[in-house]
Amino acid sequence: MSGASYVKDYEAADSRQFLTFKLAGEEYGVGILAVKEIRGWSAVTAVPHSPPWMLGVINLRGVVVPVIDLRLKFNFERAEYNDLTVVIVISVGDQLAGIVVDGVSDVITLASADIKPPPSLGGHTNTSHIIGFGTVDDRMRILVDVERLLAGTEMSAANAMQ
Amino acid sequence: MTLDLAQFHETFFAESFEALDSMEAALLKLSAGDADLELVNTIFRVAHSIKGGSATFGFSDVAAFTHTLETLLDQMRSGKRRVDSALVDTLLRSGDLMREMLAATQAKQPLDKGKVASLHAEIELIMATPGHSTMPAPSASSAATPAAPSAPAMLEPGEARSGWRIHFVPGPKLLRNGNDPLRLLRELATLAPCEIRVDAKWIPPLGELDPEECRLAWRIEVNGAVKESAIKSVFDWVDGECDLNLEPFGPAADATVMMPALKLPAGVEFEAPSPAPSPVAAPAAPPTAVTPVAPAMQAPSVEEPAAKPAASSASAAPAAASGDGGSIRVSIEKVDELLNSVGELVITQSVLSQLAAPLEGRDAEQLRNALVQLERHMRALQESVMRVRMLPINVVFNRFPRLVRDLGQKLGKKIELRLTGDTTELDKTVLEKIGDPLVHLVRNAIDHGIETPEVRLAAGKPAHGIIELNAYHKGGNVVVEVSDDGGGLRREKILAKARERGLVSGDEELSEERVFNLIFAPGFSTADVVSDVSGRGVGMDVVKRNINELGGHVQIHSTPGKGSMVRIRLPLTLAILDGQLARVGSEVYVVPIVSIVETIQVRQELVSSIAARAQVFRLRDDYLPIVRLYDLFGVEPQHTDLLDGLLMIVEADGTRVGLFVDELMSQQQVVIKSLETNFRPVVGLAGATMLGDGRVALILDIPGVIARYQSRREPVQVAA
């Protein structure tokens, strides 16, 4: 019931909710509807011949799910994995993936009007997977489009063929 | 109330296709001249049920064609038409056409009307020519006059009566099994004018009424000289599901209500429902209302519950209708879901066992005993669920009698097909993928294997060639053998061709096995003439690839002049794999046992380095490359010195390599999980599985591993 009314609010108010997380001192947000679950760090099984940020796969209740280190993906320095390390399991289309982040902060609601498109940062920085920036309580969050994020990562069979 | 009949279409199509298969099988057993009544009846029943079903669903093209076919079959059934091979041919083609029509209808594609019309005309033509009865006529009256196509049940002198009184009491399940009493009554009315009274006294009060139960009964007077068998055949479908009473009566002087059934307007009156349903067998009270046929079940009144059953009765389930049967139709997804859940349970159970292992004390002992019991039950459960996915191989074998017959005729070869072990069960997925390779092999055996009768006689063999398909279980595998008693593989010719194509160097001597394996090379063919049957060199490589993809093996045995045999070894299922766990550093890999030849400890004197990174070692008479798994997969190993670890000799496609790992762990059956579901395929990996501790272990795909190794090795070779 709460789920249904939530969806209604979500659409009626023309706003979106984001789960925010910390990564290398910055705060990011992903659309909350994409988040399947949040779990602690557990050992991964490395898959050969995959990019460095693709840490490997874990067993999520009998399903093999790949895990991506978002720090490495975003070209930050690698961090130690410890008890505080968090894996956010997100769904993109019909696929699941885990993203490793430094920690989960909050759930924020942003009106569409408050989401500002990313400025052009020149040729050096790829912003295609950023929806925009949103500010709540004077803190700016970078809103990430998970679909785009994973689409460019050779995660799917279609990408592997290219 | 309306009900979407479309929901029953899939069932109808599935059952019709199965029925057509059994019709084809029966047709192929029909030998010329001898009409085995049982077989003819089987064929007739198929046509009859498809006709009825398509009429119910409004597939009028199919119904019209099948109707004509049924008429022809009826002539055969009554012994008025002799079975000859031309007739069987026509019937086979009719079966094919029905299959095409049904497939087109299913896919909502337009039918090939021209084709239908021409075969339709052909059947009409056959029926127009008098058939010759070779069987003693069942009654004096069944003369050799061809029956009119549209009136199979017209009266015949002697057997005819003036009419029949029928008491038809459908069983309560009749509707649920997909039969429509109304359709039966309509069909009855095409035989002769009928007077039909509905008997509604068994309808319970509204509160107790089950709309899917048929509580109506009918008393029918057939006013015309109709054969008893004709009436009975109308009720063929509901045989065993209703009480049927037939009683002849004398000249119908007062044929009061003689009207064609379907033209009448609505107007239904029911007897007052009696509160307590009386037993079905009790003689019915005289009905109070005379009702015309058609409207009986189409009462427009919404409150009239008896009208509902008619609507829900549309699923044509002719074959399944008789008796309860012992099977149900379940979608494969549901079974796979079940299998997945069981797989999870097995993993959870092994996690539990590992947790319990270090515990101490009396309770711990009891816990462990209980866990052992649990494990046993889990295995049994898993096996039962796997068995649900298993189907007998005759599902695949059944297509061969036809193929062998057609191809044999075309090539002028006489071939006898022997099928053994056709009840051997294997996984549905394996079964689906083994069909095409087997067809290739059988076609090859017919085209290249079996000689023409003249050649065979000259070689002192019987004119009839034999192709044998044999399936059996052997040690957790299914073995399928395709053998022929033809000329065998010509070793010299294969070798010459291979040299010509540069597959084998000029003077290289090859073992028998390796020569025969050459025919699996892409594009390889020794056929002098390319026919439309085979010889284009496409096929054997596909056969081999398909079977390898299934985790199977192909072997060829051949004796010149005596024949050849292709033996295919397949895993029972694709969901579970026998694996050997091997450790490299901290990673554990699963190596499919089917790929492992042996595992050895290396001695220094057997190893030699070709180049900086390529090493080979001598295994008896062979030199095998050493593949360091840690190097290939980029993991940190425990040992880098060959003497410290172990060498697993693995084989794929006839290539053997030594796979260097740190140590071997246990052997176990693992449930195969796909990497593609959430990731992508990786060359060298066949999937992943969950270990007892809940971790993921990757399953190696040996052909992929070797391919990856070879693609890396290439530059080294060029340099050397």
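Start by selecting A:Asn75, in the loop between α2 (70-73) and β6 (86-92) of chain A. Keep in mind as you click around that this is a predicted model. A:Asn75 isn't a glycine, yet its phi is positive, about 65 degrees. Is this residue, A:Asn75, buried or exposed? Its relative accessibility is 72%, so A:Asn75 counts as exposed.

Next, jump to A:His49, which is found in the loop between β3 (35-40) and β4 (54-60) of chain A. A:His49 is another non-glycine with a positive phi, here about 60 degrees. With a relative accessibility of 32%, A:His49 falls between the 20% and 50% cut-offs, so A:His49 counts as partly exposed.

Now show the whole of chain A. Of the 162 residues in chain A, 46% are buried. Among chain A contacts with a separation of 6 or more, 52% are between residues 24 or more positions apart.

Switch to chain B and colour by secondary structure: there are 20 helices and 22 strands. Chain B has 720 residues, with 46% of them buried. Take the chain B contacts between residues at least 6 apart in sequence, and 72% of them join residues at least 24 apart.

Time for some helix pairs. Select residues 332-356 of chain B, which are helix α10, and residues 362-388 of chain B, which are helix α11. Their axes lie 10 Å apart, and the helices pack at an angle of about 160 degrees. An angle over 145 degrees counts as roughly antiparallel, so α10(B) is roughly antiparallel to α11(B). The crossing of α10(B) past α11(B) is left-handed.

Move on to helix α13 (residues 400-411) and helix α14 (residues 428-449), both of chain B. Here the axes are 10 Å apart and the packing angle is about 30 degrees. That is under the 35 degrees cut-off, so α13(B) runs roughly parallel to α14(B). The crossing of α13(B) past α14(B) is right-handed. On the α13(B) side, pick out B:Phe400, B:Leu403, B:Val404, B:Leu407, B:Gly408 and B:Leu411; facing them from α14(B) are B:Leu438, B:Val439, B:Val442, B:Arg443, B:Ile446 and B:Asp447. By class, this contact of α13(B) with α14(B) has nine nonpolar, one polar and two charged residues.

Last stop: the cores. Select A:Ile88, B:Phe617, B:Leu659 and B:Leu700 together. These are the residues with the most contacts inside the largest nonpolar core, which has 72 residues. Which strand gives the largest share of this core? Strand β18 (residues 646-652) of chain B does, with six residues. Apart from this core lies another of 46 residues, including B:Ile415, B:Ile434, B:Phe520 and B:Val566.

Finally, centre on B:Phe617 and show its surroundings. Leaving out residues up to four places away in sequence, B:Phe617 touches B:Ile600, B:Leu606, B:Val607, B:Asp622, B:Tyr623, B:Leu624, B:Ile626, B:Leu647, B:Ile649 and B:Gly658.

Notes:
Residues are numbered from 1 along each chain as its sequence is written. Chains are lettered from A and ligands numbered from 1 in the order in which they are written. This is a predicted model: local features need pLDDT of at least 70, side-chain atom pairs count only at pLDDT 80 or more; totals for chains, interfaces and linings use all residues. Side-chain values use heavy atoms; hydrogens and water are left out. A nonpolar core is a set of buried Ala, Val, Leu, Ile, Met, Phe, Trp, Tyr and Cys residues joined through side-chain atoms within 4.5 Å. Buried means under 20% relative accessible area, exposed over 50%, partly exposed in between (1.4 Å probe, protein chains only). Helices (H or I, at least four residues) and strands (E, at least two) are DSSP runs, numbered from the N terminus. Contact means heavy atoms within 4.5 Å. Axes are lines fitted to C-alpha atoms, for helices over the stretch in contact, and angles run from 0 to 180 degrees between N-to-C directions. Angles under 35 degrees count as roughly parallel, over 145 as roughly antiparallel, 65 to 115 as roughly perpendicular and the rest as oblique. A crossing is left-handed if the near helix is turned anticlockwise from the far one by less than a right angle, and right-handed if clockwise. Ala, Val, Leu, Ile, Met, Phe, Trp, Tyr, Cys and Pro count as nonpolar, Asp, Glu, Lys and Arg as charged, and the others, Gly among them, as polar.
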